[in-house]
Amino acid sequence: MDDLLTVAVAGTARAGVRSELPDGPIGQAIAHLDSAAPERWLLLAAGAYAIRRRAGVRPLMQPDEPVRADDETWSVAAERIALPLGELLSWQSSELLLEALERLQRARLLIPPALLPVVLDAGARNNAIRPTLLGVIGRRGRWLARQNSDWSWATMPDADDVVANADTIWQEGVHAERLDVLRLVRSSDPARGLALLASTWTRERAAFRAEAIELLGVNLSMEDQSFLEAALDDRATTVRERAEALLVRIPGSRPAREAEAQAEPLIGTRLGFQIVVRPPDDVEQATALIKAFSRVAPSHWTAHLGKRPSDLVKVIARDRDWGFSVLTGWTQATLTFEDEEWAAALFSVWLASPPPLGKAADAYARSFEVTVNGYLIGLLQVMRPADAERAVAASPDPLRMPAILRAAGRAWGAVFTDRYLRSLRDSVERTFRQAAVDSQAIHAWTASIQSATVAIPPGSIQDAIDLLHQVDEIELPGEAKFHGNYWKESLRRCSETLQMRQRIDEEIRA
């Protein structure tokens, strides 16, 4: 074959046709080729070699028998579960697949062995499902993953192994591995995580210091204060900024006290019930207000102004000049400090009666709706689930409710689900029976039902299926047929998803 390569590179005019032929059948076959036409001979010879290579290779020596997988500690799920799981994998629906896998995990059941190759392939394609998959593939799945490099993701040590070997990984791991181990250790043992970071801090590069110090925000406490204060003198600007941002979140720290001292003169009370905003002497007064209030824990204002969060936000929302700026600063602080009471109060105001932009118009005029929706979604993540459901259900705007439903959480309560289904039914009937079809409402509610299909609790699934069936039977007036048929088709697909969830609930009893 090397001779043929030489001829191909040099050209038959210069190299001619080599006479050396290999022993065996391949050499005998080439010997019968017509060498009078060198180019044709070269191509046919190369083709003969190619056919020989594709026909097979010599078998390798018999490898040692592989070590068998360890015995499982959990039971294997019944084979009948493989069918709906296989369908979910073909649907490529991560949310439904995660629900099924989580139910298996709660029931302490493992994926049937016949499905393991498909599941390992799915994990190779989708990072989001890997952590949950690792919990249900069992020892057999990890053993199988070691036989195929494409499944190497399932051979990585789990969180417990990483924490157990944290010291070694911290000293010897690469950049990403070290950040991962610091995040995990901070979650379970904050003091140990701080000690790890401190042990090598002076030898780290600036980029790593900036990323690592931000992870001290996991289980941040007074124990981190001294280290963060020392980091305020770091030579890297990013490290200093992130250290200060964390210190502001520690009550009583110097940056926290300074932030409070800077913000307190900007707001006060008058006559015991009025709230007065005193913007700073700054060119960008609205921006300066937002920044000042965003750095102070919201609970500080409850004590400083002597009013409940719900009263404070309602009063300040009526300030047509500075209400938007103050509420924006308070909202950003609430998201940072994750204050549940303030989140509920602010959500109600942003949802029902957001203040005008006022002096912040220059900065937010083009993004008002996006900004408000972003705050609503962020606040829902901070609120207690029950408070979040009550707040969304009380929405006076039927279009805003479906727009923010995705943030209400993956698992809804039964009361909230009932409220949602009744709102959906009313909206469908109203939309289908009116002369002029509201396409905006149709699209908003279609998007919401797609979120609802994975959030409705198992006990309410049949109610939802029945409702969608009733919607499908509604007679459409001529003007509504185009949009209505589109909506009906979307709802049929959602009904199929709900039926699949129902099968999962029946087959996997967690």
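**Overall fold and contacts**

Of the contacts in the chain with a separation of 6 or more, 68% are between residues 24 or more positions apart; a contact means heavy atoms within 4.5 Å. I am working with a predicted model, where local features need pLDDT of at least 70, side-chain atom pairs count only at pLDDT 80 or more, and totals for chains, interfaces and linings use all residues. Numbering runs from 1 along each chain as its sequence is written, and side-chain values use heavy atoms, with hydrogens and water left out.

I looked up the secondary structure next and found 30 helices and four strands (DSSP runs, H or I of at least four residues for helices, E of at least two for strands, numbered from the N terminus).

**Burial and cores**

Of the 510 residues in the chain, 43% are buried (under 20% relative accessible area, 1.4 Å probe, protein chains only).

I then asked which residues have the most contacts inside the largest nonpolar core. They are W301 and W330, in a core of 67 residues (buried Ala, Val, Leu, Ile, Met, Phe, Trp, Tyr and Cys joined through side-chain atoms within 4.5 Å). Helix 22, residues 340–352, gives the most to this core, with eight residues. Another core, of 32 residues, lies apart from it and includes L85 and W153.

Leaving out residues up to four places away in sequence, W330 touches W301, W342 and L346, among others.

**Helix 6**

I checked the buried residues of helix 6, and L96, E99 and R103 are among them. Just after helix 6, R108 has a positive phi of about 60°.

Key: Buried < 20%, exposed > 50% of the residue type's maximum accessible area, 1.4 Å probe, protein only.
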